[in-house]
Amino acid sequence: MTNNIRTIFRLLSFSLILMLSVSAGTVLLSGCSSTADAAKKSKSKKKKPKENLDEEDSEADSEEKGSEKPSETEKNESGNTEKEAEKDEQHGDKKKDESGRSADQIWNDLIKGNEKFIAGKHTNASFISIRKQLTKGQKPEVIILGCADSRVPPELVFDKNLGELFVVRAAGNIADPISLGSIEYAVEHLHSKVIVILGHESCGAVAATVSNEKMPTKNLSAIVNKIAPALESSKSCPLGGKMNNSCVELNVQQSAKDVLANSPIIKKAVKEGELTIIRAVYELESGKVVRLD
């Protein structure tokens, strides 16, 4: 009996030990599995920041590259601005170099500009830096006494920029007191060297004078009365006759005479060789400026 009890007790003890061992093994395996999963998760977490870091580095690199290499638009805008600045500086240097030119040299330069106008090849230049330079003052070498006709803008006809021409315009390019006062200012204070009396074909003011008809207002009469002396003794263009190019040329000559006769300042400058008067006519269709003398 006692032996049986001992045997049973041993069996129970063995079973208990076995159960405990199995349970411990399960727990151990579960722990190992959890540890492995945790390790995997830890590795994946470590990898993800690396990927994000690579992406961030890539974005940073691209941003740095972008800042180093401007877009095509920025390149074009920057390039255009620099080119425009260079053109303006060259234009200003040209004006400085040309101070002290003779009347013939100045006229030849005007004709070169006129040739560009005729060919439709105007100088493309920005006015930005020229405007800034001219805030300090102006020194135009050329005075243009021209007609107010909208078809004959001197700056375009001679392909000139801001500050290069001192333009006085009145119907029929007449040298009345106001026009003369303006010219005297340019001669006396700006020291301009050349006056171009610029007439043009089919001038309405000259045609009105040639017709010899009475003008409807005293203001219009003032214009034709200023032009009439050029035609009074003319055989090629008598008052009451037909309008032709000779009429325009005679009027240009008359304006040149009026400039000298009615302005002591201009007369003195011409006499001393400081000023030259050039007479010219603009051809409407061709765009050409023809010197008369």
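**Entry 1. Lysine 160.** I began with lysine 160, which is buried, with a relative accessible area of 17%. The model I am reading is a predicted one. The cut-off for buried is under 20% relative accessible area, so lysine 160 falls on the buried side. I found lysine 160 in the loop between H5 and E2. Then I listed its contacts, leaving out residues up to four places away in sequence. Lysine 160 touches Asp109, Leu110, Glu155 and Leu165.

**Entry 2. The partner of lysine 160.** I checked where each one sits. Aspartate 109 is in helix H3, while lysine 160 is in the loop between helix H5 (154–157) and strand E2 (165–169). The two are 51 residues apart, and the pair links distant parts of the chain. I noted that aspartate 109 and lysine 160 are both buried.

**Entry 3. Arginine 101.** Next I went to arginine 101, in the loop between H2 and H3. Is arginine 101 buried or exposed? It is buried, with a relative accessible area of 15%. I set aside its neighbours within four places in sequence. Arginine 101 is then in contact with Ile106, Asp109, Glu141 and Lys193. Aspartate 109 from the previous entry turns up in this list.

**Entry 4. Arginine 101 and glutamate 141.** I looked at the side chains of this pair and found a polar contact of 2.5 Å. Arginine 101 and glutamate 141 form a salt bridge, with 2.5 Å between the closest N and O atoms. This pair, too, links distant parts of the chain, at 40 residues apart. Arginine 101 lies between helix H2 (72–97) and helix H3 (103–119). Glutamate 141 lies in the loop between helix H4 (128–134) and strand E1 (142–146). Glutamate 141 counts as buried, at 16% relative accessibility.

**Entry 5. Salt bridges as a set.** How many salt bridges are there? I get 6. One of them joins the side chains of glutamate 272 and lysine 268, at 3.1 Å from N to O. Glutamate 272 is partly exposed, with a relative accessible area of 44%. I then looked for shared partners.

**Entry 6. The chain overall.** I stepped back to the whole chain. Its secondary structure comes to 10 helices and 5 strands. Buried residues make up 31% of its 293 residues. I took the contacts between residues at least 6 apart in sequence, and 71% of them join residues at least 24 apart. The accessible surface comes to about 19000 Å², and carbon and sulfur atoms hold 54% of it.

**Entry 7. The sheet.** In what order do the strands of the sheet run? I read E2-E1-E3-E4-E5, an open sheet of 5 strands with mixed pairing. E2 and strand E5 (289–291) are the edge strands, each pairing on one side only. The twist averages 30 degrees from one strand to the next.

**Entry 8. Strand E4.** I turned to E4, which is mostly covered, with 6 of its 7 residues buried. E3 and E4 run parallel and are joined by 7 bridges. E4 (residues 276–282) and E5 run antiparallel, with 3 bridges between them. I followed valine 281 to both sides. Glycine 199 has valine 281 as its bridge partner in E4, and valine 281 stands opposite valine 290 in E5. Tyrosine 282 has valine 289 as its bridge partner in E5. E4 and E5 form a hairpin with 6 residues between them. In that turn, glycine 287 has a positive phi of about 80 degrees.

**Entry 9. Helices on the sheet.** Last, I looked at what lies against the strands. Helix H6 (residues 177–188) lies across E1, E2 and E3, and runs at about 170 degrees to E2. I returned to H3, where aspartate 109 sits.

Conventions:
Residues are numbered from 1 along each chain as its sequence is written. This is a predicted model: local features need pLDDT of at least 70, side-chain atom pairs count only at pLDDT 80 or more; totals for chains, interfaces and linings use all residues. Side-chain values use heavy atoms; hydrogens and water are left out. A salt bridge is a side-chain nitrogen of Lys or Arg within 4 Å of a carboxyl oxygen of Asp or Glu. Helices (H or I, at least four residues) and strands (E, at least two) are DSSP runs, numbered from the N terminus. Buried means under 20% relative accessible area, exposed over 50%, partly exposed in between (1.4 Å probe, protein chains only). Contact means heavy atoms within 4.5 Å. Accessible areas come from the Shrake-Rupley method with a 1.4 Å probe; for residues, only the protein chains shown count as cover. A polar contact is a pair of N or O atoms within 3.5 Å; within protein, one must be able to donate a hydrogen and the other to accept it, and residues adjacent in sequence count only if both atoms are side-chain atoms. Two strands pair if DSSP finds at least two bridges between them. Axes are lines fitted to C-alpha atoms, for helices over the stretch in contact, and angles run from 0 to 180 degrees between N-to-C directions.
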